[in-house]
Each structure stands twice: as C-alpha cells, then as structure tokens.
Amino acid sequence: MSNPSTTTVKLTSPKGRELFSYLPSYYETSRVMQADMQSKGTEIDFLVQALDETLDQFFVRTATWGLGYWEQELGVETDRLKPVEQRRAVVESKLRGAGKFSGRLVANVAEAYAGGKVDVSFQQEAWSFTVSFVDTMGIPPNIDDLKRAIDDLKPAHMAVEYEYRYLIWDDLDNKQITWDELDAASLTWNELEVWA
C-alpha cells in the first residue's frame, strides 16, 4: 500500500504544470502543493482563455460575440440569424469602403463578400460599371448584403450590374471528363452549374 503523503496528483492544467515547475524539487511528492498548483493553474488557464477570446473581438476576422459592437459602431443592422462569416463580411466591407469611389474600392468591398477575386469594369458612356466574380462559382451566398454595400458606395447616377461565373462546356472539355464520370457524380443541374 502506498504512502498517502507520497501519492502524486496528476496536474492536468498547463499553467499548473508551469507553476509547479518553479517550485523547489522537495515539493515533487507533496500532494498539497500539487493540488494547490492544479487549482491555481486551472484558474489562470480560464483567465488566459478569457483574455484570448476578448482579444479576438478586436479583429473583425476573429470576432464572434463582439461582432455586434462592430456592427453598432459602423451603423450596420445586426442580424443574428446570419452565419458569423457573412456578418464579418458585412463589417469588413464597411471598413474597406472608406475613401474615394473607384474600381479598386468596389473590388475591395466585393472581395470581402465573395471570398475571391473580383473584377470591376466601367462603361463610362452608359454611366455604369460591372462587378464580375472571377473565383466564385454561381451567386455568392450573401449577394444581397453586397448589393446594399455597393449601393451605399456608388454615386447615385451610376448603375451597377453583377456578372456571375458558371461552368461552361469548355470548362468540362478542359477537365477531360467523360460523360460516364460526370454522370457518376450525380449532380443536379444547379450543382453542375457551380461545380469546379
């Protein structure tokens, strides 16, 4: 039977193990000191985690529960039913949307929503411009938010058109896929249009 004073307590807390490592070696077999470092270490672990989560709220790309503060500051309507990624895209585009109106400005805002490259071309004679999604297949999931953001940016006299990318026959030919392989993928027509 082991001596209770020499039985070791398993230190599961990372900070508890670190604290224990600073103690003199004669405490290595002390259950009291191990339990003390475990409890203090656990509290420090929770504190570090809370600080890290709080720090995440200061950056749009990592914010979760702090997105509401970003939205409030920027005058964006908070919709908690939207996925966090879409809410982040709205906030990020609002931050990117400051400055003189230009194709680069529109592209910056649109890329925040689309998650890929966007080209903007101007048709000066028609007082319009076109936003083309280069890397995104189909319609981006939060296109309505993007349209609102661009409407807020653009001069009132300019029209905007959106050009979406879909799978075309040449893309299928370039992939060198047989009809049997394509049929085996069991895609609906809508899935096939955005299949990459």
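Predicted model: local features only at pLDDT ≥ 70, side-chain atom pairs only at ≥ 80, totals over all residues.
**Group meeting: helices, sheet and side-chain pairs**

In helix 2, the buried residues are Met33, Gln34, Met37, Gln38 and Gly41. The buried residues of helix 2 pack against helix 1, residues 14-21. Helix 2 itself runs over residues 31-56, which is 26 residues. From its first C-alpha to its last, helix 2 reaches 37 Å, close to the 38 Å expected at 1.5 Å a residue.

Asp36 is partly exposed, with a relative accessible area of 24%, and Lys40 is partly exposed at 41%.

Three strands form an open sheet in the order 1-2-3, with mixed pairing. Strand 1 (118-123) and strand 3 (159-165) are the edge strands, each pairing on one side only. Neighbouring strands are turned by 20° against each other on average, direction ignored. Strand 2, residues 128-137, pairs with strand 3 in the parallel sense over six bridges, and Met137 stands opposite Arg165 of strand 3.

Two helices pack on this sheet. Helix 5 (residues 103-114) touches strand 1 and strand 2, and its direction makes about 145° with that of strand 1. Helix 6 (residues 143-153) touches strand 2 and strand 3, its direction making about 150° with that of strand 3.

Next, the aromatic residues. The whole structure contains five aromatic pairs. In one of them, the rings of Phe101 and Phe122 have their centres 6.2 Å apart and their planes at 90°, so the pair is edge-to-face. This pair links distant parts of the chain, 21 residues apart: Phe101 lies in the loop between helix 4 (84-96) and helix 5, and Phe122 in strand 1. Ring pairs join Phe101, Phe122 and Phe129 into a cluster. Phe122 is partly exposed, at 35% relative accessibility.

Finally, I return to charged side chains. The structure holds nine salt bridges. In one of them, Lys82 and Asp145 meet at 2.4 Å, N to O. That pair also links distant parts of the chain, with Lys82 in the loop between helix 3 (67-74) and helix 4, and Asp145 in helix 6, 63 residues apart. Is Asp145 buried or exposed? At 7% relative accessibility, Asp145 counts as buried, whereas Lys82 is partly exposed at 22%. Salt bridges that share partners join Lys82, Asp145 and Arg148 into one network.

Terms used. Residues numbered from 1 in each chain as written. Heavy atoms only, no water. Pairing = 2+ DSSP bridges. Helix = DSSP H or I, 4+ residues; strand = E, 2+ residues; numbered from the N terminus. Axes fitted to C-alpha atoms, helices over the stretch in contact; angles between N-to-C directions. Contact = heavy atoms within 4.5 Å. Phe/Tyr/Trp six-rings, centres within 6.5 Å; stacked < 30°, edge-to-face > 60°. Buried < 20%, exposed > 50% of the residue type's maximum accessible area, 1.4 Å probe, protein only. Expected span 1.5 Å × (residues − 1). Salt bridge = Lys/Arg side-chain N within 4 Å of Asp/Glu carboxyl O.
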